[in-house]
Structure formats: structure tokens, C-alpha cells
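User: I'm new to reading structures and would like a close look at one part: the aromatic rings. Could you walk me through them, and then show me what lies around them?

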Amino acid sequence: MIAISGLTKTIEHRTMLAGVDLSIDRGGSVAVSGPDREARSTLMQILATLVRPASGTIVIGGLDAVADVYRVRRLLAYAGPTRILPNRLRVDEYLRFVAGTRHQPSAAADIAADLVGLKRNASIEAIVDEARGRLTLATAIASSAAVLLLDQAFDGLDVPARDRVCEWLVAARHRGTVLVVAENEPVAGLCDRNVALREGRLLETSVEAPPDRAAAARELVRA
Amino acid sequence: MRAVVLREALVAARRPALVGAAIVSAGLLALFPIAWGVRGIPTLGGISLYDQQFRLEWVLALALLPWTAARVIANERGDDFVGLSALTAIQPSRLLLARLLTATIALVAVIAGALPVVISAQQMSAVAASRLVADQLALLTFALPAAIITVWWMQLTTDRLLGWLGAAATTLIVVTLGRLSVATMNQAAIALAAISVCAAAILLARADVWWRYLSEPKE
């Protein structure tokens, strides 16, 4: 589903990525950790087609992510440190708009709001910055994209919301969704692979999902 | 595309500027005969109340339409606009097209809001209905260039105030140039609409390149 080869990026004379290679199959998941948050974000933004790589190739769903940006974006949903402007809209209106552009039913928007613990009728203007982070995560969930890119997306979540979202994400993986999660520390039980980004390169170690969360996810899939 | 148009329309409808501009426009036009009577301003060479009010309508359109468009369109510009394209998986050109359509409709609503007042002036001045229709259609056509100029400016500047001032100045300049080039204001409005459609086509053609990626600091 995702194949990255020889990816490099330099920003303001600083090497963020120095030849990143990564391959993820359908339904696969990778947790990207490491001390350099900026470099992780750069990798995630390149995967989200928001930033152009200096060199290397990225193929997502069989499409070249540089040559075919707009078709690739239909496969992706990115939740990261991007701004959401209120525009006098409510949470449900915004999420339904996102779901609508992705040809998803309104129910997907309502489920996303409930998962991250946002009041549906709350004004975006009124919710604090932390909750806007939750709204970004909710947009990714509402879009039901084939590839979910989550960059520090769990920061604003309380424990119950974090558990609900993790269970939903594991269930999504079982439906074939690809998950790439960038966090300071890997979220336990969420991803089946763990890679660390150090000095612009990815170092890989495998992680198994704990059985309890995997079982809960299977229950969700059956439901 | 439908979802984007609906969202832009919802954003525009929620802005107090839309209703405010419609009230100011209709209110000032309604005050005109109250202030000057059925003959209008005596020093304006004996032209009818309707003609005098139509001039005022143009002045109000020049002053209010760029401001209204700048206030009612959604806030995403620059990197926020790129983010919106990624979030919705919709090309920037289509997002802009929706924005242009919504802005034009909002401006048409502002002009149309004053129609009852204009019709009463036409009745008081015994002007032919065909003239009223032609004048108002020309003015409604002017909503298109006003919307396109403002959306252009709002996309190119990060500051809303600067965008509005730029749009207002550009609108004034192109209307003045248009009026100097052709015989009547109605012809000028139609010529400006045709030119602005070309300008919109250029903006839409380049949008997918200009707003493809987030801006990066210069090396």
C-alpha cells in the first residue's frame, strides 16, 4: 500500500530525512518514534503530500505521491499540527463537511465526534486549542480514508477517549486501513511495527499488539 | 463539490456582514427619496429620481461589494488553503470555484435586497420597466467581477484588511477604466464581467500548482 524509497528532505540547511525506506502492506501499521519531533512531522507531512520531498520515491496505493498528488490525497487522511479555522461553524457541521467531501455518511462524522469526546453542537470558535487537536483527529476518523497518518494526534485526548480511538483504529486496521502513527513514545498495542527516526534514517523493531486490545477490536469488527 | 459549496454558503450566511451590507444598501437607497423628495437633488441637471438613485446604487456597489465579499468568504488562505485541500481531498481549483460561486451569489443577494426600493423609485419617476430590468441586470452582472477581484486578492494576501483594500482599489480602477472605454455603465459592467471570467479562469488554472504544497522557508 505504501512504498517509500530513498526519501530525503532538508529544511533550512538541516537534514530532516537522509534516505528513508519504508514499506507497509494493506492493513499494516507503523509507529514512528524518535527524539526529533520536527523530523517526524516532516516525514508525516511528506507522506500526507503536504510537503514535497527533495528526492526519493513514494508510492501510495500504486500512485506516485509526487506526480499524482491530488489522486493520492483521496486515499489519505492526515491528523497533525495543522490549523482548523472556525469560520463560525459547529463541530458537527465541520465534520459532516469533511465526511461529505470524502463521500461518507453523516453518521461517520457523529461517530468521530463521539470517539474523540467532542460535543457535536459545540462552536469550533469556543473550544480551546487542545480540543481543536481532537477535532483534527476526528476529521481523519470521519474521512474513513484507506491510509491514516496521525502525527502527535493523541496529545489532547483523555484516557477514555484515547482507548476508544485506539479500539476504533485497530478495528479499522482489520478492515484494511493502513495506519502510520508518529508519537514521542509508541502507543501500546496500536501498531504492529515500531520504527525510530534517528539522524534522518529509520531503524526498525517489531512490536506485537497486546491480546486484549486485539480481541476488543475483533469484537468491534464483528459488531 | 456539493459539500464544499454548501460549506462555503453556510460560512457566508453566518457572517453578519452579508445581512449588514444588504440593510445598509437598501436603507441608504430608501433614505434617498425621503431626503430629497420625488425630484431628487435639484442640482443634478434635472435627471429623474430613478437615475439619481441608480448612480447612488453604483456608488454603494463599488463601496460595499468588495467589503462584503472580503467579509463573507471562508478564511482559509495560503497554507490553510493547502491544508483544506488535503483534508477534503479536493483540488484547490475546485475549492476556489466553490468560493467564487458563493461570493458571487452573496453579492447578488446584497444587490437584490435593494430591488423593492429601486422599483418604487422607478414607479415614482415613470421610467420604463425595460430600463429598470437592463440596469439591474448590469448591476447584478457586476457582482461577478467584484467577487472575482476580491477572491483573487484574498488568496494572494495573508491579511484580510490588506486583501479588502486591494480588492476595493482594484475594483475602483477597473470600473473607472471600463467606464472610460465604453459609452454606458451597463456596457462597462458587461465588459468587466467578461474580463473577470478570464481572470477567474487564470486563477483556477494556476490554483492546483500554486497551492499544491505548504510554503517552505527559503534555503
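Analyst: Let's start with the ring count: over all chains, the rule for pairing rings gives 6 aromatic pairs. Take Tyr50(B) and Phe54(B) as an example: their ring centres are 6.1 Å apart and their planes meet at 5°, so this pair counts as stacked. Keep in mind that you're looking at a predicted model.

Where does that stacked pair sit? Tyr50(B) and Phe54(B) belong to helix 3 of chain B, which covers residues 49-72, and they are 4 residues apart, about one turn of the helix. Both of them are buried.

Now compare that with Trp152(B) and Trp210(B). This aromatic pair is edge-to-face, with 6.0 Å from centre to centre and 65° between the planes. The pair ties together distant parts of the chain: Trp152(B) is in helix 8 (residues 143-156) of chain B and Trp210(B) is in helix 10 (residues 185-210) of chain B, 58 residues apart. Is Trp210(B) buried or exposed, or partly exposed? Its relative accessible area is 39%, so Trp210(B) is partly exposed; the cut-offs here are under 20% for buried and over 50% for exposed.

In chain A, the charged end of Arg175(A) sits over the ring of Trp168(A), 5.6 Å from the ring's centre. Another case brings in both chains: the charged end of Arg7(B) sits over the ring of Phe97(A), 5.0 Å from its centre.

Between chain A and chain B, the buried area is about 2900 Å², and carbon and sulfur atoms give 57% of that. Phe97(A) turns up again here: together with Tyr70(A) and Asn87(A), it supplies 25% of the area that chain A buries against chain B, more than any other three residues.

What about charges and polar atoms? There are 3 salt bridges between chain A and chain B. One of the salt bridges on show joins the side chains of Arg83(A) and Asp80(B), at 2.4 Å from N to O. Across the interface, 13 residue pairs are in polar contact.

Let's finish with two spots on the inside. In chain B, Ser25(B) lies in helix 2 (residues 16-36). Its relative accessibility is 7%, so Ser25(B) counts as buried. Leaving out residues up to four places away in sequence, Ser25(B) touches Leu60(B), Leu64(B), Val110(B) and Ala114(B).

In chain A, have a look at helix 1 (residues 37-47): 9 of its 11 residues are buried, so this helix is largely enclosed by the rest of the structure. Among the buried ones are Arg40(A), Leu43(A), Met44(A) and Ile46(A). Asp36(A) caps the N-terminal end of this helix, with a side-chain oxygen 3.2 Å from the backbone nitrogen of Glu38(A). Just after helix 1 of chain A, Thr49(A) takes a positive phi of about 65°.

How values were computed
Residues numbered from 1 in each chain as written. Chains lettered and ligands numbered in written order. Predicted model: local features only at pLDDT ≥ 70, side-chain atom pairs only at ≥ 80, totals over all residues. Heavy atoms only, no water. Phe/Tyr/Trp six-rings, centres within 6.5 Å; stacked < 30°, edge-to-face > 60°. Helix = DSSP H or I, 4+ residues; strand = E, 2+ residues; numbered from the N terminus. Buried < 20%, exposed > 50% of the residue type's maximum accessible area, 1.4 Å probe, protein only. Lys NZ or Arg CZ within 6 Å of the ring centre and 35° of its normal. Buried area = accessible area lost by both parts, 1.4 Å probe. Salt bridge = Lys/Arg side-chain N within 4 Å of Asp/Glu carboxyl O. Polar contact = N/O pair within 3.5 Å; in protein donor to acceptor, adjacent residues only side chain to side chain. Contact = heavy atoms within 4.5 Å.
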